[in-house]
Protein chains: 2
Amino acid sequence: MNDLSSKVETMKTIAHPARIAILEELTKGVKCVSDFQQFLEISQPNISQHLSALRHAGLIDFFVDGRLRCYFLKSPFVPDLLEVLQKEYKGDLPGPECCPVTKKGTYPGSRRH
Amino acid sequence: MNDLSSKVETMKTIAHPARIAILEELTKGVKCVSDFQQFLEISQPNISQHLSALRHAGLIDFFVDGRLRCYFLKSPFVPDLLEVLQKEYKGDLPGPECCPVTKKGTYPGSRRH
DNA sequence: CATTCATATGCAAATATTAGAATGCCTGCA
DNA sequence: TGCAGGCATTCTAATATTTGCATATGAATG
């Protein structure tokens with residue numbers, strides 16, 4: 001649950017516009033499937049599939065209320081990730097100080113001859 | 001650069017084991033392509049493809065040193081994301097307090113009849 | 001118990017992603 | 001020049017993902 005491949009699976013699951021939108025909505029509170037239909041322009045079966053994918057990834061869960069399924073956030077990873085995604089970044093990281101060392105030598109220059 | 005679709009593209013680009021490994025290595029410093037070959041068990045052209053994808057996503061860049069291409073981190077988003085990915089999460093978020101309100105009514109109960 | 005509402009599932013087509021093989025392009029050096 | 005090292009590009013086959021459509025399920029209602 002904490003190794004690289006499961007991280008990758010989680011990232012893959014989230015890397016989809018509808019699923020990010022679903023998760024962002026769920027950070028605001030519980031929603032059922034028909035609630036999502038009001039702001040997602042995709043079909044109900046498609047919403048169901050995305051919810052199913054998010055649930056199998058362990059990111060969300062639901063409780064049953066009569067004929068409704070009320071979905072809510074389950075994984076604490078999701079709010080943290082969404083926060084980073086919403087953060088505004090201006091500019092780039094500072095470039096590398098010349099000249100860092102790797103296993104093969106120093107850059108630039110030492111490998112040139 | 002900050003809308004939903006670009007977030008998705010960035011996530012898709014990163015959601016791959018080789019690419020996460022590359023980015024994690026780059027947080028330690030500059031590396032050239034042959035450096036990556038030493039710890040990634042994939043072919044050189046494949047590494048090149050991944051580096052190209054990361055570069056087109058604006059996450060990394062390189063400078064040329066003779067016949068070497070020295071890659072380094074460019075986007076400040078990457079370290080933040082990797083930090084979240086490396087964080088250990090134990091347990092789930094607290095379940096929803098009964099009963100939150102949506103556009104359609106309160107859960108559970110109000111829709112039942 | 002038939003119906004309706006809310007949601008899920010199965011299947012197939014369209015599309016996207018990935019890895020590998022072959023090859024091409026620079027750069028530095030003899 | 002000619003050659004070799006370091007890296008990129010292109011093409012292709014395999015595989016995975018996504019969606020729409022049709023249909024199934026299951027709880028509440030009458």
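Trainee: Which residue of β3(B) is the bridge partner of B:Asp65?

Mentor: B:Leu68 is the partner. Bear in mind that this is a predicted model, where local features need pLDDT of at least 70 and side-chain atom pairs count only at pLDDT 80 or more, while totals for chains, interfaces and linings use all residues. As for bookkeeping, residues are numbered from 1 along each chain as its sequence is written, chains are lettered from A and ligands numbered from 1 in written order, and side-chain values use heavy atoms, without hydrogens and water.

Trainee: What makes β2(B) and β3 of chain B a pair of strands?

Mentor: Strands are DSSP E runs of at least two residues (helices are H or I runs of at least four), numbered from the N terminus. Two strands pair if DSSP finds at least two bridges between them. Six bridges join β2(B) to β3, residues 68–73 of chain B, so the pair qualifies.

Trainee: Why are β1 and β2 of chain B called edge strands?

Mentor: The open sheet in chain B has the order β1-β3-β2, with antiparallel pairing. β1 (31–32) and β2 (60–65) of chain B each pair on one side only.

Trainee: Which residues is B:His16 in contact with, leaving aside its neighbours within four places in sequence?

Mentor: A:Val8 and B:His50; contact means heavy atoms within 4.5 Å. The C-alpha atoms of B:His16 and B:His50 are separated by 9.2 Å.

Trainee: What makes the copies related as by a two-fold rotation axis?

Mentor: Chain B can be laid on chain A by a turn of 180° and a shift of 0.0 Å along the axis, with an RMSD of 0.2 Å. The two are thus related as by a two-fold rotation axis, using least squares on C-alpha atoms of residues with pLDDT of at least 70 in both. Also, 100% of the interface residues of chain B are interface residues in chain A, so the copies meet through the same surface.
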